[in-house]
Amino acid sequence: MSLSQMSIRRPVLATVFAIAIVIFGIAGFQFLGVREYPAAEGPVITVRAEYPGASSSVIESQITEPLENEVNTVSGIRTLTSVSREGRSTLTIEFALGDDLDRAANDVRDRVSAAMRRLPSDAEPPVVEKADADGNPIIFINVHSDQRDLLELTDIADNIFRSRLQTIDSVARVDIWGSKEYAMRLWMDPDKLSAYALTPIDVRNALARSNVELPSGRVEGDAIELSVRTLSRLDDDPEVFENLILKQNGDRTVRFRDIGHAEVGPLNERTILKRDGVPMVGVVIRPQTGANEIAIADEFYRRLDQIKTDLPDDIQVEMGFDTTEFIRDSITEVKQTIFIALVLVCLVIFFFLREIRSTIIPLITIPIALTGAFFIMYISGFTINVLTLLALVLAIGLVVDDAVVVLENIYSKIEQGLAPIQAGDTGIREIFTAVIATTLALTAVFTPIIFMEGLTGMLFREFGVTLAGAVIISSFIALTLTPMLATRVLKKHDTPPRFHAATEPFFSGLADSYRNALRAFLDHRWLALVLMAVCLGSIGYFWTVLPRELAPLEDRSLMVLRITGPEGANYDYMESVMDRLDRVLMEEVPEREAAISVTSPGFGAATTVNSGFSRLALKPPDRRERSQAEIARDLGGKVQGIPEAEIFVSQPATIRTGGRGLPVQFVVQHPNFDRLTDMLPGFLEMARDRPELGFVDVDLEFTNPEVQVHIDRDRAEALGVSVRDVSETLQAALSQQRFGFFLREGQQYEIVGQVLRENRLTPDQLNLLSVRGNNRSVVTLDNLIDLRETVAPAVLYRFNRFPSTTFSANLADGYTLEDGIRAMREVAAEMLDEGYSTDLAGESREFEETGATMLYVFAFALVLVFLVLAAQFESFRDPATIMLTVPLALAGGMLALWYFGEGLNLFSQIGLIMLIGLVTKNGILLVEFANQRKEAGRTLRQAVEEAAARRFRPILMTTISTIFGVMPIALAVGAGSQSRIPLGVAVIGGLIVGSLLTLFVIPAAYLTISSEKSGRAIAPPPQP
């Protein structure tokens, strides 16, 4: 006795099966996280090491190289990128998708620890973080007050906000934008130092002698003991520092006030954050790679409410942006789509079955299958995201198919006069093979995805497994609960219901029209070859003309403006540029909600003093007339009116891939740095002439003004001055070197020394600095050094351990990412010789890898479906007939994409892959019933005509229900709809064209390919 027959005779058992699925599904749902998309970024580890005052070339040779040598030995690295800039080295290590983040971080920490012995002793220890240095933040709040300065605001942001938010699970780090951290600044006058025969090193050494805190032990008496604490640490009073004794010569004492002054000031004077032109500080949350951003945001808001109760009355907190709002809106939009699709499918089924009882039975399948899919998601480690919810939307139209086919076949047997139990047994026996075959075919389509790596694998895996799981559960319900309900609910009508009677002439006429058309087509079945040729030619044509991209750009109500000033531009210059940009944004973008600008940011991988950025948050789409893309295009033209800097506008990518900046990222490498710089001007000029590319920029600039200090070693040796003394003097005077720490309200802050601003306005003033000789005499540097002005790169880049430069570009209107990459490669082919190598980064790299993977998926899916069907039908002819449905559907899907102006991207490709399983389902129904009629003694022509006529209404019903289930996706207008529309368009177009042609082409092919003999398995010989 089969499971279906057992369910018919044991209704409680079938009911328990369904209830158990629902219970497990609800339990799994409780533990599912929520995010926008499956984690599409591999684990990213950032290593930051600071060496204050060091030039980019010194950073590269003394910091970056040793770190790269060690880190490169870690297994699983996908890309290793390094940036060497003044005072800082940043290594970004990206691992393959799916790698364990904690394992990667621990391995990197071990190698960094091994490299520390090769780093300069006075460099800061490297910091390893589980985040991308330039990764996108998800939440920003600004903190301001009309009674406090930026130093106090930074202190509040650091001690109250950062300390409480940093401990949120999966938060990589909390940054303070525009921070002005407390520091004790010791300003030195070179003239007075020389007058008192002192050097900057003397100041540093005197402070080191006077500002220590060492354990002093304890005093032990007969009954008690006392710990001893020596108060030798300097506090936060500038007067104490100015009284610091630098030199004692008899009765004469030289104190720090004699050669300079001390003040409490900001550690970083060269950065500022403004919101709509008003200075303030901002608190920014950056998540770990693959973190559940919704969960982070929920906990953030909970803690923010607690923090607000402890804030002083004058502190005001405002939201700058929260990217999870778009995620929430997008998830809500998909949930609404599920509801709309459910209603539409219900109406379609009722229209075809035309009876409430018959309609309710297949509809019971939908909530059971969808709820059970949540348990599949839970045990697979998935989340509730746009793709898994889209899978559930598409499942609505699919999960009723098997139930409808089973129900319709059982009902036909009841109408023929069989008893309900007998009708159930007979009906399920006829349809069992077709149900199993369609389920296996749909599941087989997504099997290759499970084994895929990279971005496509991560995205498709959650979609495919969720959809396949829902279909498998629906098939189980169709073979257990549906026949049980059908045999107990359905009954033969002596008089058909009124609606059924009124509509029956329409359906009968439709079926008769199809039967007549099919007979005429089979009389000229050579037309099937023509249709197949047209479809195959269409696929080839559309494959070449359809634009290709990674994913359609969505309106997220956010854009980022990146500003780069001339090489050598200082902070004051950049602040004036940023202020002018703020005025343009406030005047030209009435749709803005907030314009948050940071001048000379001190964070990230490649930020320098001549840079800045502005994050422009827009009002929601329903509150503005212009789209984000229209505003970006208009603003891109307006900011070109600011000639003092290069400004480009970028929109956030739909799927974050770890890339930064513009979509086209073209990397050029050469072992010889000079060769790399030689080709830059010509390559950049040629790239800017390409019509496919809009704004084009390059990260490597070699025009940064630099002063080279050449030491006369012979003269220095004669005067008893070592090269180290000269270097340390310049370092202590100019590099804002840390001289020590002081305490303020229980917190430890830095003491930094530097000569006064007016004493370092020009290179010649370096000659006035003093260094101590071997006889304790003071020698000015003009006796020892020669200054030469030159140019050098402000930042040095390396990609996978080779010197590199990256050309970044926006796409011109009407061009796709594929066009942009091709343009860059054509420029490289013309400009570069064999000594150069090229690569792609960011979104471009993911696009390239995804394109190659998709062809593999298509081929693998087709082969696997064919093999599954061959095993099911015990024939190679029948699967060959069924597989002819695939080019019919693909041609229809691509035609729809072309007609509606969509392109080939991740989402439309998901739809095209789905079509393989969707249309083979119709072919399976036709071929299976034709085989049954053939086994009953019909000729091939009679068998295929009867099967087509008998299956016409179920095929039509299931196809239309699937189309209506997908239609809300194609017509979506809410958050994130731009990316989902291509999927809906491809599926609907493919189903309409593919199903229509299948009804004619497959019967014609069956007549041509199938044999007169049955293809069933050979019966075993009789037992003796």
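Modeller: A salt bridge is a side-chain nitrogen of Lys or Arg within 4 Å of a carboxyl oxygen of Asp or Glu. By that rule this structure, a predicted model, holds 53 salt bridges.

Biologist: What makes Arg173 and Glu129 a salt bridge?

Modeller: Their closest N and O atoms are 3.0 Å apart, and the cut-off is 4 Å, so the pair counts. Arg173 lies in strand β6 and Glu129 in strand β4, so the bridge ties together parts that are 44 residues apart in sequence.

Biologist: Are Arg173 and Glu129 buried or exposed?

Modeller: Buried means under 20% relative accessible area. Arg173 is at 9%, so Arg173 is buried. Glu129 is at 13%, so Glu129 is buried as well.

Biologist: Why is the pair of Glu588 and Lys638 called a salt bridge?

Modeller: The N to O distance is 2.9 Å, and the rule asks for a nitrogen within 4 Å of a carboxyl oxygen, so the pair qualifies. Glu588 belongs to helix α18 and Lys638 to helix α19, so parts 50 residues apart in sequence are tied together.

Biologist: Why is the pair of Phe140 and Phe321 called stacked?

Modeller: The ring centres are 5.6 Å apart and the planes stand at 15°, so the pair is stacked. The cut-offs are centres within 6.5 Å and planes under 30 degrees apart. Phe140 is in strand β5 and Phe321 in strand β15, 181 residues apart. Phe140 and Phe321 are buried.

Biologist: What makes Phe300 and Tyr301 an edge-to-face pair?

Modeller: Their centres are 5.1 Å apart and their planes are at 70°, so the pair is edge-to-face. That class needs planes over 60 degrees apart. Phe300 is at 1% relative accessibility and therefore counts as buried, whereas Tyr301 is at 28% and so counts as partly exposed.

Biologist: How do you know that Arg615 lies over the face of Phe321?

Modeller: Arg615 is 4.4 Å from the ring centre. The distance limit is 6 Å, with a further limit of 35 degrees from the ring normal. Likewise, the charged end of Arg744 sits over the ring of Tyr182, 3.9 Å from its centre.

Biologist: What makes up the nonpolar surface patch?

Modeller: Tyr541, Val545, Leu895, Trp898, Tyr899 and Phe900 make this patch of about 680 Å². Its largest share, three residues, comes from α26.

Biologist: Why is Tyr541 called partly exposed?

Modeller: Its relative accessible area is 46%, so Tyr541 is partly exposed. Exposed would need over 50%. Patch residues need over 30% and no salt bridge. Tyr541 is found in helix α17.

Note on methods. Residues numbered from 1 in each chain as written. Predicted model: local features only at pLDDT ≥ 70, side-chain atom pairs only at ≥ 80, totals over all residues. Heavy atoms only, no water. Patch = residues over 30% accessible without salt bridge, like charges linked within 9 Å, V, L, I, M, F, W, Y side chains within 5 Å. Areas by Shrake-Rupley, 256 points an atom, 1.4 Å probe, with all protein chains shown as cover. Helix = DSSP H or I, 4+ residues; strand = E, 2+ residues; numbered from the N terminus. Buried < 20%, exposed > 50% of the residue type's maximum accessible area, 1.4 Å probe, protein only. Phe/Tyr/Trp six-rings, centres within 6.5 Å; stacked < 30°, edge-to-face > 60°.
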